[in-house]
Amino acid sequence: MEAPPVAVMPVTGGSIHMMEYLLQGSVLDQALESLLHRLRGLCDNMEPESFVDHEMVFLLKGQQGSPFILRARHSLDRPVAPWHLRYLGQPEVGDKSRHALVRNCVDVSASHSLHDFLLEMGFRMDHEFVAKGHIFRKGALKVVVFKLFRILLPGNTENTEPLSLSNLVELSVLAPAGQDTVSDDMRNFAEQLKPLVHLDKIDPKRLM
Amino acid sequence: MCLTLCVCVCVCEIVIVFCARSVSQVPVAEGKSVQQTVEMLNRKLEQLGAVKQGNFCVDCETYHAGAIGSPGQPPKFLYVMHNSEAPLSCFALFENGPCLVADPNFDVLMIKLKSYFQNAKSNKVESRGARYQYCDFLVKVGTATIASSARGITVEVEYCPCVTANDCWNLLMEFMQSFLPSHIPGVPSMFGVKTDGVYSPSDTMAQYLELFSKLRKQQAATGSGMR
């Protein structure tokens with residue numbers, strides 16, 4: 001009995017040209033329930049998935065001007081799940097009529113040694129926060145409604161306080177570069193959430 | 001054939017890696033080339049009754065942390081490895097440091113980090129060869145190459161049912177004696193360090209890394225002599 005041959009080559013590389021299309025907005029705590037109710041109706045998953053995540057933002061300072069930023073995120077309510085490492089590039093300055101913010105995105109799932117490994121690579125933690133909220137899906141669209149919490153003592157995720165009286169709403173899609181119809185779909189979906197929340201493309205550079 | 005000149009100085013490393021695995025060193029047979037020794041080992045395994053199940057590949061790339069770190073500090077090397085046994089994983093290690101197991105997108109991230117970590121392409125080490133199954137054992141005999149030139153032989157022996165490394169070392173040794181020439185490896189250094197004793201794929205990669213580092217050092221040592 002011949003055993004099936006095993007894969008010869010290890011799989012190397014991933015996709016370098018994945019882009020994140022993003023629209024953001026916010027709602028006050030009082031309006032949260034109405035928004036969740038509407039999202040439940042519009043989106044695929046009947047019961048929204050809730051999450052509690054701890055995110056740490058790491059910087060690597062080199063000889064170049066701006067430091068390299070990586071975001072390491074892990075779940076506090078599902079501790080066995082792998083850590084998630086994310087690189088986000090600069091927003092693409094392109095077509096002004098494009099409805100969403102577009103930036104290069106590299107997502108890596110990693111083991112629990114990620115924090116120590118990043119420190120060994122030379123990264124230093126810049127800031128951290130806890131995010132608690134809900135996640136919805138509609139096809140390729142992902143809607144995340146969450147509240148940010150400030151960590152009072154470094155490393156202690158039990159002791160947190162809310163950053164504000166509102167919740168951040170993010171509508172995003174991960175797609176290969178060049179698919180501009182994605183932002184049209186996102187705009188159409190965002191229209192259905194008005195007037196509960198206004199989702200816009202917000203250039204992070206303008207906030208600094 | 002220029003390979004025969006290297007035979008007397010190049011040693012073939014046995015990487016014994018088991019589900020519980022381990023790594024060690026075996027000299028190339030007297031008067032034979034790397035390829036001939038590999039064929040000899042493969043024949044011995046087939047005579048034992050092992051069945052060939054395709055091929056395997058383990059590779060290791062070296063990244064040099066040039067732009068970061070304070071001057072005066074020794075340069076840091078980051079090793080990114082892949083193993084065909086875990087095709088959807090990518091392993092990143094520092095020698096005697098933490099090991100990260102990530103998905104293949106980590107390679108893409110290293111491309112983004114190219115101004116901080118330079119890929120020393122000439123240092124890429126690969127081990128390729130046949131994969132044999134014999135009852136509960138998996139044996140992989142590979143030719144280790146640095147920049148397309150064969151530098152040694154790796155033999156990986158895996159005892160699948162066991163995850164506690166220290167419990168099956170004796171069994172592995174006995175099995176190895178049945179097909180390896182005289183020299184049998186000692187207990188890999190990392191087994192002493194493991195507190196919980198549960199073996200994981202990153203231990204395998206750490207052993208391969210130790211092996212590949214030895215081969216690189218030997219190449220550096222003989223390289224100056226060859227000219």
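## Chain B

Of the 227 residues in chain B, 54% are buried (under 20% relative accessible area, 1.4 Å probe, protein chains only). The model is predicted, and local features need pLDDT of at least 70, side-chain atom pairs count only at pLDDT 80 or more, and totals for chains, interfaces and linings use all residues. Residues are numbered from 1 along each chain as its sequence is written, and side-chain values use heavy atoms, without hydrogens or water.

Chain B has 6 helices and 10 strands, taken as DSSP runs (H or I of at least four residues for helices, E of at least two for strands). Among its contacts (heavy atoms within 4.5 Å) with a separation of 6 or more, 61% join residues 24 or more positions apart.

## Interface with chain A

At the interface, 39 residues of chain A contact 38 residues of chain B. The buried area is about 3,200 Å², and carbon and sulfur atoms give 68% of it; this is the accessible area (1.4 Å probe) that two parts lose on being put together, summed over both.

The salt bridge pairs Lys76(B) with Glu120(A) at 3.7 Å, N to O.

On the side of chain A that touches chain B, the elements giving two or more residues are β3 (68–75), β4 (83–91), β5 (101–110) and α2 (114–121) of chain A. β5(A) gives the most, with 6 residues.

How values were computed
Chains are lettered from A and ligands numbered from 1 in the order in which they are written. Buried means under 20% relative accessible area, exposed over 50%, partly exposed in between (1.4 Å probe, protein chains only). A salt bridge is a side-chain nitrogen of Lys or Arg within 4 Å of a carboxyl oxygen of Asp or Glu.
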